[in-house]
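Morning, everyone. Let me put the next model up on the screen.

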Amino acid sequence: MAPCPITHACLRADTHRQKNLCNPRNLWIKDLIEMKIKSAEFITSAVKPSQYPPAVLPEIAFAGRSNVGKSSLINTLLNRKRLVKTSSTPGRTQLINFFLINEKFSFVDLPGYGYAKVPASIQKTWGPMIETYLTYRKTLKGIVLIMDIRRMPGKYELDLMDWLYHYNIPAILILTKADKLSKTKQIKQHFSISKALSVDKNDLILFSAKSRQGKDNVWDPIEKLLQEDL
Ligand SMILES: Nc1nc2c(ncn2[C@@H]2O[C@H](COP(=O)(O)OP(=O)(O)OP(=O)(O)O)[C@@H](O)[C@H]2O)c(=O)[nH]1
Ligand SMILES: [Mg+2]
């Protein structure tokens with residue numbers, strides 16, 4: 001199968017890595033590769049561009065359906081228990097939340113899509129709020145699109161992937177909550193979902209915030225996207 005045009009963009013940076021590490025100016029990348037999270041702090045919540053922090057540092061945003069596990073994934077990557085609020089009540093993250101990591105790059109927790117109990121008026125503003133962020137954020141390096149391993153992707157995921165492809169925004173694709181399935185079922189779902197998304201299995205990363213399975217595999221393409229800038 002041909003490499004997925006979206007994810008391919010974030011998997012091509014191996015040659016950059018050595019070169020950049022030789023440059024003392026970029027030593028912070030070494031911390032990142034060794035996954036040393038020295039600091040991680042909440043910066044602000046925003047609805048519209050005038051509320052975003054200045055577009056200075058490279059940024060990675062996390063998207064996915066409501067309650068899929070976006071905030072848990074960010075906490076796991078950063079080795080923090082509660083930096084990002086998580087909840088068993090879906091639809092808790094309703095704003096765009098910005099976090100500053102190692103004072104060098106940002107993570108952005110996007111509001112989850114599609115929780116029916118969120119009032120229609122709020123649901124209506126979600127699409128434009130996220131679309132505006134994705135379209136105008138100049139420092140955005142890529143999106144981590146998180147899906148539940150137990151569910152086949154729906155219109156939301158397929159539309160978002162088309163949209164990212166159209167705007168040439170690299171996507172890192174994650175199947176989370178892997179701990180909820182046996183190893184055999186994980187393999188089966190991995191195969192079926194990669195087919196449904198028309199991507200190579202290697203471009204679809206299995207992850208669990210509970211067992212921390214796949215944490216390094218999620219960091220790898222994030223590092224590569226952050227390094228592309230240097
Ligand atoms: N078993 C298991 N539970 C998880 C995992 N990731 C998240 N959860 C649980 O799923 C629920 C939702 O997790 P969140 O991280 O808050 O999900 P979210 O996508 O940020 O949710 P919203 O902000 O409401 O859209 C919580 O009860 C988490 O503990 C995982 O990998 N495994
Ligand atoms: Mg959340």
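I will go through confidence, then the fold, then the sheet.

This is a predicted model: local features need pLDDT of at least 70, side-chain atom pairs count only at pLDDT 80 or more, and totals for chains, interfaces and linings use all residues. Residues are numbered from 1 along each chain as its sequence is written, and chains are lettered from A and ligands numbered from 1 in the order in which they are written.

Confidence. pLDDT is the predictor's confidence in each residue, from 0 to 100. The protein's mean is 82, with 75% of residues at 70 or more. Residues 1–22 have pLDDT below 50.

Now the fold. The protein has eight helices and seven strands. Those are DSSP runs, numbered from the N terminus: helices are H or I, at least four residues; strands are E, at least two. Of the 230 residues, 35% are buried, that is, with 20 or more other C-beta atoms within 10 Å of their own, C-beta atoms being placed from the backbone.

Next, the sheet. What is the strand order? This open sheet of seven strands runs S1-S3-S4-S2-S5-S6-S7, with mixed pairing. Pairing takes at least two DSSP bridges between two strands. S1 (40–46) and S7 (204–206) are the edge strands; each has a single partner strand, so one side of each is left without a neighbour in the sheet. S1 pairs with S3 (residues 96–101) in the antiparallel sense, over six bridges. One pair there: Ser45 bridges to Asn97 in S3.

Conventions
A residue is buried if 20 or more other C-beta atoms lie within 10 Å of its own, exposed if 12 or fewer, and partly exposed in between; C-beta atoms are placed from the backbone. Two residues are in contact if their C-beta atoms, placed from the backbone, lie within 7 Å.
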